[in-house]
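Thank you all for making the time this morning. Please have a look at the chain on the screen before I start talking about it.

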Amino acid sequence: MIAGLTEILEDAKRNRRAAGAFNTVSLESIDAVISAAEQKNVPVIIQHAQLHEPVIPLDVIGPCMTAAAALAAVPVCVHLDHGSDLDYLKHALELGFTSVMYDGSDLGYETNVANTQACVEMARCYGADVEAELGRVLRPDAGSDSENDEKSFYTRPDEARDFVQRTGIDALAAAFGTAHGIYKTQPHLDFERITQICEATGVPLVMHGGSGVSDDGFRAAIAAGVRKINYFTYMSLAGTDAAREYLDANPGQIGYENVSAAVRDGMFRHVLHALDVFSGKTV
Ligand SMILES: [Zn+2]
């Protein structure tokens, strides 16, 4: 069934776990994520990032996501990830998304506050929740390699308190050492900062750039207060690996639907493991 972000994150808090939030750019990934959540009997978040518009448009994948969520046996939040313009977010809300992320982290602080306030006001008209970002979750190739330089982009607890109070958001994407994409080296997460931001804001925190964090890193971040983990890259790689294995094992002429099923199964197995880790299980 379709669910809101807040109810899923409250459930995660009650059960001392984090909800997995997976970018679903295809029917295979929607099915892999929802089937894995059903098998583990946990709520889940499926999300579409604005930057994936060239991969598949919101107008095509959005209705597939809401339809699959409605049919699911577990609560599924349908979320718009990293929206940078309000018209795009409004369109997601019109399609029935129950949550949107406004990302104004590239902008100056006051502009980020004003745009996030406008997003919250708009989302409330649809009964939807809002995530926003403060600080910068970098791409590994975007910033300096110096750890001190990176830390200047980390979310500051005092600023986070002001940001949450003034915007009324439901969840905060915080920067504390993770990065989007593939890590060159094992990331160093600032768990103390997670705890401080949690105490300062009182809202659930979101970890972006979950792929590549160790299982122990996830567990420590959840213990410190992370309640939503955005995860995409390694799930996608698991799909590719499964396709490669399938083709190696089945030479000759292969119908695409068989490769597609192998990709779906590879992502499904990967998400099962991720959901165990996000549930705090030692696996
Ligand atoms: Zn992100």
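Predicted model: local features only at pLDDT ≥ 70, side-chain atom pairs only at ≥ 80, totals over all residues.

Residues are numbered from 1 along each chain as its sequence is written, and side-chain values use heavy atoms, with hydrogens and water left out.

Let me begin with the zinc ion, which is coordinated by His82 through NE2, His180 through NE2 and His208 through ND1, at 2.0 to 2.1 Å. Donors here are N, O and S atoms within 2.8 Å of the metal (3.2 Å for Na, K and Ca), and since water is not among the atoms, sites may look incomplete. Along the sequence, the donor residues follow the spacing H-x97-H-x27-H. His82 lies in strand β4, residues 76–83, whereas His180 lies in the loop between β7 (171–174) and α8 (191–201), so that the pair, 98 residues apart, links distant parts of the chain. Helices (H or I, at least four residues) and strands (E, at least two) are DSSP runs, numbered from the N terminus. His82 is buried, with a relative accessible area of 15%, and His180 is buried too, at 16%; buried means under 20% relative accessible area, exposed over 50%, and partly exposed in between, with a 1.4 Å probe and protein chains only.

Now to the strands. Strand β3, residues 44–49, has six of its six residues buried, so it is largely enclosed by the rest of the structure. Strand β3 runs parallel to β4, to which six bridges join it, and within that pairing His48 stands opposite Leu80. Two strands count as paired if DSSP finds at least two bridges between them.

Finally, the cores: a nonpolar core is a set of buried Ala, Val, Leu, Ile, Met, Phe, Trp, Tyr and Cys residues joined through side-chain atoms within 4.5 Å. The largest has 74 residues, and those with the most contacts inside it are Phe22, Leu172 and Met207. Helix α11, residues 256–278, supplies the largest share of this core, 10 residues. Leaving out residues up to four places away in sequence, Phe22 touches several others, among them Val44, Ile46 and Phe278, where contact means heavy atoms within 4.5 Å.
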